[in-house]
Amino acid sequence: MIGRLNGKLVEKQPPQIVIDVGGVGYEVDVSMQTFYTLPPLGEPVQLFTQLVVREDAHLLFGFGSAQERATFRQLVKVSGIGAKTALGILSAMSAGELAQAVAQEDVGRLSSAPGIGKKTAERMVLELRGKLTPAADGGLLVPAPAADETDDIVSTLLALGYNEREARAAVKNLPVGTEVGEGVRLALKNLLK
């Protein structure tokens with residue numbers, strides 16, 4: 001899994017960019033929200049990423065913030081929304097605006113995103129309700145990062161050969177907001193007891 005890229009921005013052709021990381025050019029699809037915040041060509045850039053493996057392709061998607069990536073991960077879990085559609089939604093509105101539209105059950109706002117009809121917007125409200133939570137500062141709504149980090153920790157444990165039940169049990173009592181690296185270390189410690 002490629003979780004983050006740090007490198008030099010060498011190409012910008014919306015919605016795709018190329019980041020040179022140690023001599024290897026990674027093609028990354030980004031939302032327009034992220035695209036507009038990118039530095040000029042030749043400058044260093046850091047993106048959070050999500051690798052999507054399909055039968056016919058391996059696609060790398062990049063995000064300017066962990067919150068945007070967490071929102072993308074929630075969107076692709078919604079029935080009928082694929083990675084490209086999720087990226088289109090995040091191009092049309094920020095993660096905070098999306099969370100706010102879901103919380104307010106604003107089907108009209110959701111269906112204004114490209115590729116989203118009324119039925120899909122209603123499904124988004126139904127399936128995303130409770131998965132996008134208010135920011136602690138009372139500002140715009142953003143995805144809850146703790147669940148995303150827990151998912152990353154569980155995924156790492158699964159990759160190490162543990163089964164789903166063992167992995168979920170190992171992360172059950174981790175403190176909220178534990179970073180992935182520290183969470184994996186603590187979870188492994190729990191598994192070895």
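## Annotated segments

Over residues 108-127 of this predicted model, the chain is 65% helix and 0% strand. The end C-alpha atoms of that span are 17 Å apart. Residues 73-92 are likewise 65% helix and 0% strand, with end C-alpha atoms 17 Å apart.

Both spans come from a record. An unreviewed UniProt entry annotates residues 73-92 and 108-127 as "domain: Helix-hairpin-helix DNA-binding motif class".

## The largest nonpolar core

The largest nonpolar core holds 27 residues. Within this core, Leu75, Leu110 and Met124 touch the most other members. Two or more core residues come from each of these elements: strand E5 (58-63), helix H2 (66-75), helix H3 (83-92), helix H4 (95-103), helix H5 (107-110) and helix H6 (118-128). H3 is the top contributor, giving five residues.

Take Leu75. Leaving aside residues up to four places away in sequence, Leu75 touches Ile81, Ala86, Ile89, Leu90, Leu98, Met124 and Leu128.

## Strand pairing

Strand E1 spans residues 4-13 and strand E4 spans residues 44-53. The two pair in the antiparallel sense, over five bridges.

E1 and E2 form a hairpin, with two residues between them.

## Salt bridges

The whole structure contains six salt bridges. Three of them are described here.

Asp56 and Arg54 meet through their side chains, at 3.2 Å from N to O. Asp56 has 63% relative accessibility, so Asp56 counts as exposed, the cut-off being over 50%. Arg54 is at 40% and therefore counts as partly exposed.

Glu97 forms a salt bridge with Arg109, and their closest N and O atoms are 3.6 Å apart. This pair links distant parts of the chain. Glu97 sits in helix H4 and Arg109 in helix H5, twelve residues apart. Glu97 counts as partly exposed because its relative accessibility is 33%. Arg109 is partly exposed too, with a relative accessible area of 30%.

Arg129 forms a salt bridge with Glu105, the closest N and O atoms lying 3.5 Å apart. Arg129 lies in the loop between H6 and strand E6 (132-134), while Glu105 lies in the loop between H4 and H5, so the pair ties together parts that are 24 residues apart in sequence. Arg129 has a relative accessible area of 46% and is partly exposed. Glu105, at 46% relative accessibility, also counts as partly exposed.

Key:
Residues numbered from 1 in each chain as written. Predicted model: local features only at pLDDT ≥ 70, side-chain atom pairs only at ≥ 80, totals over all residues. Heavy atoms only, no water. Core = buried A, V, L, I, M, F, W, Y, C linked by side-chain atoms within 4.5 Å. Buried < 20%, exposed > 50% of the residue type's maximum accessible area, 1.4 Å probe, protein only. Helix = DSSP H or I, 4+ residues; strand = E, 2+ residues; numbered from the N terminus. Contact = heavy atoms within 4.5 Å. Pairing = 2+ DSSP bridges. Salt bridge = Lys/Arg side-chain N within 4 Å of Asp/Glu carboxyl O. UniProt positions renumbered as here; feature names shortened; annotations may be inferred.
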